[in-house]
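User: Could you walk me through reading a few features of a model like this one? Let's take them one at a time.

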Amino acid sequence: MILFKRLETQPTRLGIFQEMIKKASIYSHPLVHHLMDPGAQKEKRDDDKKVVAEIMARCFVPTLITTTSWEGFRFVGHEIRITEAVESYGAVVWPSALVLCYFLETNVKHYNMVDKNVIEIGAGTGLVSIVASLLGAHVTATDVPDLLGNLRYNISRNTKMKCKHLPQVKELSWGVALDENFPRSSNNFDYILAADVVYAHPFLEELLITFDHLCKETTVILWVMKFRLEKENKFVDRFKELFDLEEISSFPSLNIKLYKAVKKGRKAGGVQGKER
């Protein structure tokens with residue numbers, strides 16, 4: 001089963017924001033009335049809960065016990081079976097991956113994966129890469145050497161004879177041998193996908209270098225992040241030095257945000273505004 005940590009609420013943040021609005025003396029603006037309206041806030045929370053419930057409903061538990069434990073997911077009209085390795089953070093399906101899979105499936109008009117070159121960094125169990133492959137993308141799933149065996153297994157069992165393009169699995173240790181393994185001249189990725197790559201590791205600068213190395217002027221990064229620690233907020237600030245970052249979806253009940261990013265100073269195609 002997927003384990004979800006109990007989320008801490010932050011009731012004071014809204015209060016602080018409301019006080020800032022009051023001090024600005026712009027009560028006549030309709031957006032302010034919306035933000036200050038408890039009914040509107042409740043409606044927003046209810047909408048969040050509905051979408052989160054729909055995302056989490058994509059998981060299912062196998063009815064039969066087999067020699068190999070696995071978890072089930074339903075995306076793009078397919079039953080996806082994922083084997084996890086609970087001894088490693090990187091080989092577990094976290095809620096951020098489900099959020100990104102759901103987003104890709106429900107926003108195909110604006111983020112069409114068909115025949116697109118896609119790379120996932122920190123692919124872990126491979127769920128996001130599998131969904132992108134089922135949506136028609138040329139996918140390269142990457143992670144550190146220790147996770148590649150399980151990653152290959154999951155991708156193979158869920159995409160064989162089901163995808164337009166056979167996904168590839170490659171080693172990628174952030175910041176290591178990038179020019180050798182992923183030369184800039186051959187990088188032609190339409191999308192970089194990343195789910196929960198900023199957590200409990202000391203390689204944030206290497207992660208930023210990797211994003212920059214793989215990203216061309218027209219590349220779109222779709223990055224889902226669960227906020228847990230202060231250093232994660234700092235990483236977002238550091239990320240903004242190199243990329244134009246846009247929040248396109250937010251799930252307060254999960255403390256998760258979905259971002260779209262492009263190289264700083266360049267605007268790539270895609271929907272403007274927020275998607276749910």
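Analyst: Let's start with contact, which means heavy atoms within 4.5 Å. This is a predicted model, where local features need pLDDT of at least 70 and side-chain atom pairs count only at pLDDT 80 or more, while totals for chains, interfaces and linings use all residues. Residues are numbered from 1 along each chain as its sequence is written, and side-chain values use heavy atoms, with hydrogens and water left out.

User: OK, so what does Asn158 touch?

Analyst: Leaving aside residues up to four places away in sequence, Asn158 touches Glu79, Ile80, Arg81, Ile82, Ile130 and Leu134. Asn158 itself belongs to helix α6 (residues 148–159); helices (H or I, at least four residues) and strands (E, at least two) are DSSP runs, numbered from the N terminus.

User: Why does Asn158 count as buried?

Analyst: Buried means under 20% relative accessible area, exposed over 50%, partly exposed in between, with a 1.4 Å probe and protein chains only. Asn158 counts as buried because its relative accessibility is 3%.

User: Which strands make up the open sheet, and in what order?

Analyst: Strands of a sheet pair through backbone hydrogen bonds, either parallel or antiparallel. Two strands pair here if DSSP finds at least two bridges between them. The open sheet has 3 strands in the order β1-β2-β3, paired antiparallel. At its edges are β1 (59–60) and β3 (78–82), each pairing on one side only. Strand β2 (residues 71–75) joins β3 through 5 bridges, and Arg74 has Glu79 in β3 as its bridge partner. Helix α5 packs on this sheet, touching β2 and β3, and its direction makes about 155 degrees with that of β3. Axes are lines fitted to C-alpha atoms, for helices over the stretch in contact, and angles run from 0 to 180 degrees between N-to-C directions.

User: And β7: are its faces covered or open?

Analyst: In a regular strand the side chains alternate between the two faces of the sheet. Both faces of β7 are covered: Tyr191, Leu193 and Ala195 are buried on one side, Ile192 and Ala194 on the other. So the count for β7 (residues 191–195) is 5 of 5 residues buried.

User: Which strands does β7 pair with?

Analyst: β7 runs parallel to strand β4 (residues 117–121), with 4 bridges, and to strand β8 (residues 220–226), with 5 bridges. Tyr191 shows up in both pairings: Val118 stands opposite Tyr191, and Tyr191 stands opposite Val220 in β8.
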